[in-house]
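Open the model in your viewer and show it as a cartoon.

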Amino acid sequence: MDNYRNSDLVLYLHPLASFCHKVLIALYENGAKFESKLVDLSDNDSRDELLSQWSVGKIPILRDRLHKKTIPETSIIIEYLDMKYPGKVKLIPDDPNLVLEVRLWDRFFDMYVSDPMQKIVLDQIRPDGKHDPYGVDQSITKLSIAYEMLEAQLNSKEFIAGEFFSMADCSAVPALFFADTILSFRNDYPKLTNYYERLLKRHSVMRTIEEAEPYFQLYPFYDKIPKKFIKKTI
Ligand SMILES: N[C@@H](CCC(=O)N[C@@H](CS)C(=O)NCC(=O)O)C(=O)O
């Protein structure tokens, strides 16, 4: 990760966190210069620094030193970047009809793919006696409904909201990357699989996944991550 110290933008992140991937992809698409600050939620100082800016305690958050503002929530961060630091790739279209499509599918990936995926992953690290098998089953069902809907939405589209790469595709990558390790879509959803494969070829996406790779062993479904994403160190 390039780390542009003292740049106007600071992204508080963890390289393994799926929602951080969404914003990293948006930043890399446009070659934005930013300083990255690793958040370690198990470290009190690091956690306190995050909580002092956003008590909800979720990452990523973006600090804009120039405008003296802290921006939370991935979709708002990407919209903010598009507004204040626009680049050559327009992740938020100007057309009011298209922008609604982008926001819809961005929400869709966050709420109906990432949310159930997180629920299942977090259940793995709950203490004994605190697991929620019913909630996990419900989340699996939610994922399969989402895959059906995505397959239908993609139809002959190149990207999820149309013929252009957008914020919604930034959301798609980490949602699908991790969801696929839980309930794989690769055999049953050809359009979704081809779409995902197209996204994986983008430089911004390859870079984000490469930077996450050193942390993959911390992921509860590590053994389900396709081997092509794991560097051979021996
Ligand atoms: N709706 C939030 C979700 C962010 C989120 O869930 N972040 C996770 C990491 S991927 C997190 O901060 N988890 C830590 C926690 O919940 O304590 C967004 O879009 O920014």
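**Whole chain.** Keep in mind that this is a predicted model. Colour by secondary structure. The chain has eight helices and four strands. Follow the elements from the N terminus: they run β-α-β-α-β-β-α-α-α-α-α-α. The radius of gyration is 18 Å, close to the 17 Å that the globule rule gives for 234 residues, so the chain is as compact as a globular protein of that length. Along the principal axes, the C-alpha atoms fill a box of roughly 45 × 45 × 40 Å.

**Surface and contacts.** The chain exposes about 12,200 Å², and carbon and sulfur atoms supply 53% of that. Of the 234 residues, 48% count as buried. Among contacts with a separation of 6 or more, 66% join residues 24 or more positions apart.

**Charges.** Now colour the charged side chains. There are 31 positive and 35 negative ones, and the centres of the two sets lie 2 Å apart.

**Helix α1.** Select residues 18-29, which form helix α1. From first C-alpha to last, α1 reaches 17 Å, close to the 16 Å expected at 1.5 Å a residue. How many of its twelve residues are buried? Twelve of the twelve are. Show side chains for a few of the buried residues, including Phe19, His21, Lys22 and Glu29.

**Last stop.** Step past the end of α1 to Gly31, which follows the helix and has a positive phi, near 55°.

Notes:
Residues numbered from 1 in each chain as written. Predicted model: local features only at pLDDT ≥ 70, side-chain atom pairs only at ≥ 80, totals over all residues. Heavy atoms only, no water. Helix = DSSP H or I, 4+ residues; strand = E, 2+ residues; numbered from the N terminus. Rg over C-alpha atoms; globule rule 2.2 N^0.38 Å. Buried < 20%, exposed > 50% of the residue type's maximum accessible area, 1.4 Å probe, protein only. Contact = heavy atoms within 4.5 Å. Areas by Shrake-Rupley, 256 points an atom, 1.4 Å probe, with all protein chains shown as cover. Lys, Arg positive; Asp, Glu negative; His and termini not counted. Charge placed at Lys NZ, Arg CZ, Asp CG, Glu CD. Expected span 1.5 Å × (residues − 1).
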